[in-house]
Amino acid sequence: MPAAAPGATAERHGERHGERHGMSSFGELKYPADFARFAYVNPEAPRGGRFAALLSQTFGNQSFNTFNTLNPYVLRGDGAAGINLTFDSLMVRALDEPDALYGLVARSVAASADGLTYTFRLRPQARFHDGTTLTAHDAAFSLTTLRDHGHPAIAQEIRDMAEATAAEDGVLVVRFSPGRARDLPLTVAQLPIFSRAWWGTRDFEAATMEPILGSGPYRVARVDAGRAIGLERVADYWAADLPVNVGQHNFDEIRYEYFRDRNVAMEAFKARAYTFREEFVARLWATAYDFPAVAEGRVRRLTVPDRRPSGTQGWWLNTRRPQFRDRKIREAVNLCLDFPWMNRNLMFGAYTRTVSFFENSDLKAEGPPSSEEMALLEPLRDRLPAEVFGEPWSPPVADGSGQDRVLLRRADALLREAGCTRSGGSLLLPDGQPFAIEFLDFDPSLEPHTQAFIRNLGLVGIRAAIRNVDPSQYQARVNDFDFDVTSRRFSSGPTPGPELRQMYGGRAAGVKGSNNLAGVNDPAVDALLEAVAGATSREALRHAARALDRVLRAGRYWVPMWYSGVHRVAVWEGFGRPEAGPDYDLGVPATWWAEARGGSNP
């Protein structure tokens, strides 16, 4: 529940359940009630110009390679990029704080003493793009609809929202079930607000190419299905001058381009088909930026520190499949990856191996469990491997030869311990079936890495192959958990909470479209997920997350990949950005702006 920010008059002890202008996981707020703007923006940023990019992070039903619906908030279809910019929410994040929110549609929020009822008072000037008033009835409709009909990743995350009702046009009351996750009110406050009247004659769960009525800083202007979507800034945006928006939403047009091939996308950037590119492929960063515009200074390359937890990127092993039900087999598969060889030969030494589910953060487990971690782990001892109570498991460091014989012999021994047998040159599972793995993907960029992995799997008798399918088929198969192994990166904020249930919770393992790709279904994990979601201080969160990290790592649910700890960005001339950007985000495109051609670059 929201608590007092130190030093603020309205936040003295005894007033913590009164109305406040913001909220955070543990009550800390950097900005007072009368703040004028966020510190990381340029309030004098000019407006105008165009920003064009590729989609770099997905949510809901979005795909990197295509789109066929303008509703990313449901399971059906592949959602278009940028649609979140067309909707407002009750509150928005400050990107220089771990988890603090400040009022947008809601001017204030008050929590009941038990933390189960939150009352949001809405700004009377809030408007949809057609000029109609945005009311608490719209907000209540939106939250209820997303809980009951939204994408499973959203619906499951807010399932403990008991009800959302409009006490009056300007007052929204949200009630939560007892035992709700600590950050559920923050999640609810950041969800999009839809027009109840607009959706009254439409099917929310259907795929649609009709622009949805919103109230945000942008509206859909142009759609080229599967290829590009253009958004235009709303000139009379009702919230443009609010403190949470000052210095932001500066581009007149934002455009997202789609390409099915990374090499084609790179050539399009060279031709200035889009103007901002975050590079995720080390090979391209090292070799592809030697074209004339770079040499002439018209394209600049930036390396920006990434202070966020690195997220979880890896090959996820689907434990719903018989070949991955045994932890020893999953460990054997892990032993077949030679990361040093990959990093040197395929990635120009640009990456560090990921070992933790909370890599690049203070939530990562290291050394033996602390006394606080032991207090969480000890009641679960009968369900946990003994290794959880020692050093946390990390993938072993290969010798870099490409085929580390010591690790491959250990993998072979583990497979035999798990009951696998040899028949000629093939490895058989304990049930006598050949041990075969299919790596499902939609993008060939990881193929060299996967092929190197596959060669080593073959040395221990596992037959593996890559299956590349089109993005829509890939998404459908992943939604149905119809795969053996697939790669995915899940981002993780500095204050993880109920969203982790979608990735590792037992209930989510059986929900179509959830992010629990590995099928983790372990009561011990579930108990620690609740400890993370219910932590009442940042210190308690650290202990709970580290305990969870130990248990997840012991489960061998994935083959972890790598991270860089920096954003690699290439931009064409004509952009400006604040000198000191936010700590927990790039702030793109919200805080950047267009300058006259030939002006200063980032």
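This is a predicted model: local features need pLDDT of at least 70, side-chain atom pairs count only at pLDDT 80 or more; totals for chains, interfaces and linings use all residues.
## Overall form

The secondary structure of the chain consists of 16 helices and 25 strands. Its radius of gyration is 25 Å, close to the 25 Å that the globule rule gives for 602 residues, so the chain is as compact as a globular protein of that length. Along the principal axes, the C-alpha atoms fill a box of roughly 75 × 60 × 50 Å.

Of the 602 residues in the chain, 57% are buried. The chain exposes about 23700 Å², and carbon and sulfur atoms supply 48% of that area. Among contacts between residues at least 6 apart in sequence, 71% join residues that are at least 24 apart.

The C-alpha atoms of G576 and A45 are 8.3 Å apart in space, while the two residues are 531 apart in sequence. G576 has a relative accessibility of 4% and therefore counts as buried, the limit being under 20%. Leaving aside neighbours within four places in sequence, G576 is in contact with W592, W593 and E595.

## Strand β6 and its partners

Strands of a sheet pair through backbone hydrogen bonds, in either a parallel or an antiparallel manner. Strand β5 (residues 106–111) and β6 run antiparallel and are joined by 5 bridges. Within this pair, S108 has R121 of β6 as its bridge partner. The hairpin of β5 and β6 has 5 residues between the strands, and G115 takes a positive phi near 70° there.

Strand β6 is also joined to strand β8 (residues 171–176) by 5 bridges, again with the strands running antiparallel. Here the bridge partner of T119 is V173 in β8.

In a regular strand, the side chains alternate between the two faces of the sheet. Which residues of β6 lie on its covered face, and which on its uncovered one? Y118, F120 and L122 form the covered face, whereas T117, T119 and R121 form the uncovered one.

Another group of 3 strands forms an open sheet in the order β1-β4-β3, with antiparallel pairing. Strands β1 (22–23) and β3 (91–93) stand at the edges with a single partner strand each, so one side of each has no neighbour in the sheet. The pairing of β3 with strand β4 (residues 101–103) is antiparallel and extends over 3 bridges. One of the paired positions is R93, whose bridge partner in β4 is L101.

## The nonpolar core

The largest nonpolar core has 86 residues, and those with the most contacts inside it are L90, F120 and L172. Helix α1 (residues 136–149) gives the most to this core, with 5 residues.

Leaving aside neighbours within four places in sequence, the residues in contact with L172 include L90 and F120. Among the others are Y118 and L122, as well as A136, A139, A140 and L143.

## Salt bridges

The structure holds 39 salt bridges.

| Salt bridge | Closest N and O atoms |
|---|---|
| R121 and E19 | 2.7 Å |
| E417 and K328 | 3.4 Å |
| R556 and E331 | 3.1 Å |

R121 forms a salt bridge with E19. R121 lies in strand β6 (residues 117–122) and E19 in the segment before β1, so the pair ties together parts that are 102 residues apart in sequence. R121 counts as partly exposed at 30% relative accessibility, and E19 counts as partly exposed at 44%.

E417 forms a salt bridge with K328. This pair links helix α11 (residues 405–417), which holds E417, to helix α8 (residues 327–334), which holds K328, across 89 residues. E417 counts as exposed at 52% relative accessibility, whereas K328 counts as partly exposed at 35%.

Is the pair of R556 and E331 buried or exposed? R556 counts as buried at 2% relative accessibility, and E331 is buried with a relative accessible area of 13%. R556 lies in the loop between α16 (538–555) and β21 (558–560), and E331 lies in helix α8, 225 residues apart. Elsewhere, salt bridges that share partners join R321, E438, R467, R477, D482 and D484 into one network.

Key:
Residues are numbered from 1 along each chain as its sequence is written. Side-chain values use heavy atoms; hydrogens and water are left out. A nonpolar core is a set of buried Ala, Val, Leu, Ile, Met, Phe, Trp, Tyr and Cys residues joined through side-chain atoms within 4.5 Å. Buried means under 20% relative accessible area, exposed over 50%, partly exposed in between (1.4 Å probe, protein chains only). Helices (H or I, at least four residues) and strands (E, at least two) are DSSP runs, numbered from the N terminus. Contact means heavy atoms within 4.5 Å. Two strands pair if DSSP finds at least two bridges between them. A salt bridge is a side-chain nitrogen of Lys or Arg within 4 Å of a carboxyl oxygen of Asp or Glu. The radius of gyration is taken over C-alpha atoms; the globule rule is 2.2 Å times the number of residues to the power 0.38. Accessible areas come from the Shrake-Rupley method with a 1.4 Å probe; for residues, only the protein chains shown count as cover.
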